[in-house]
Amino acid sequence: MSTKFQLEILNEHNRLRAQHSAPPLALSQPLCSYSQEWAQTIASRNKLQHRSERKYGENLYACFGKTAISGADAVQSWYQEKKDYTFGQSDPGNNFSKVGHFTQVVWKASRELGVGMAVNGSNVYVVCNYDPAGNYKNQYAANVTPT
């Protein structure tokens with residue numbers, strides 16, 4: 001995976017985070033290695049799935065049938081969930097599956113980002129890991145603020 005792709009992902013995160021008064025993320029090479037390992041694992045399985053061990057926050061993206069993607073493509077797919085999010089709540093409850101990627105992107109307490117990307121044929125898998133993880137109950141109102 002190219003440094004250019006990692007920086008595209010990082011820059012798009014930070015552009016969107018700034019709109020929500022969240023501090024910028026820093027790219028972490030150890031976290032990138034961790035993300036890359038999982039991206040290669042799920043690409044080899046040709047199956048989009050989260051790690052069972054939740055050591056960090058994690059967002060996944062896959063594009064099937066096209067390998068020419070930008071880092072912004074993945075981040076924008078997660079950010080689009082903003083339309084389903086209700087700001088000011090302590091917890092999204094049953095709506096989490098529709099908004100959890102968005103909230104992790106802009107989660108104020110997250111400080112570091114890891115990026116991994118792997119290809120299997122014409123399918124691309126992207127993994128982003130966040131430290132510290134976001135999406136903690138009763139912490140949404142403080143960590144996910146409107147634009």
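**Reading a pocket, helix contacts and backbone exceptions**

Author: The lining of the largest pocket in this predicted model comprises four nonpolar, nine polar and three charged residues, where Asp, Glu, Lys and Arg count as charged, Ala, Val, Leu, Ile, Met, Phe, Trp, Tyr, Cys and Pro as nonpolar, and the others, Gly among them, as polar. Residues are numbered from 1 along each chain, local features need pLDDT of at least 70, side-chain atom pairs count only at pLDDT 80 or more, and totals for linings use all residues. Side-chain values use heavy atoms, without hydrogens or water.

Reader: Which residues lie nearest the centre of the largest pocket, and which element gives the most to its lining?

Author: A pocket is an open set of 1 Å grid points where a 1.4 Å probe fits, with protein on both sides within 12 Å along at least five of seven lines, and lining residues have an atom within 4 Å of a point. Here 16 residues line the largest pocket, and Arg54, Gly57, Glu58, Phe96 and Asn135 lie nearest its centre. Strand E2 (57–64) and helix H4 (96–106) each supply at least two lining residues, with H4 giving the most, namely five; helices (at least four residues) and strands (at least two) are DSSP runs numbered from the N terminus.

Reader: At what angle do helices H1 and H3 pack, and which residues make the contact of H3 with H4?

Author: Axes are lines fitted to C-alpha atoms over the stretch in contact, with angles from 0 to 180 degrees between N-to-C directions. Helix H1 (residues 3–19) packs on helix H3 (residues 71–79) at about 35 degrees, with the axes 7 Å apart, and by class this contact has eight nonpolar, four polar and three charged residues. The axes of H3 and H4, by contrast, cross at roughly 115 degrees and come within 7 Å. Val75, Trp78 and Tyr79 of H3 meet His101, Phe102, Val105 and Val106 of H4, contact being heavy atoms within 4.5 Å, and by class that contact has six nonpolar, one polar and no charged residues.

Reader: Where do Ser21 and Pro132 lie, and what is the peptide bond from Asp131 to Pro132, cis or trans?

Author: Most residues other than glycine have a negative phi, and most peptide bonds are trans. In this model Ser21, in the loop between H1 and strand E1 (26–27), has a positive phi near 60 degrees, while the bond from Asp131 to Pro132 is cis, with omega near -10 degrees, and Pro132 lies in the loop between E4 and helix H5 (140–143).
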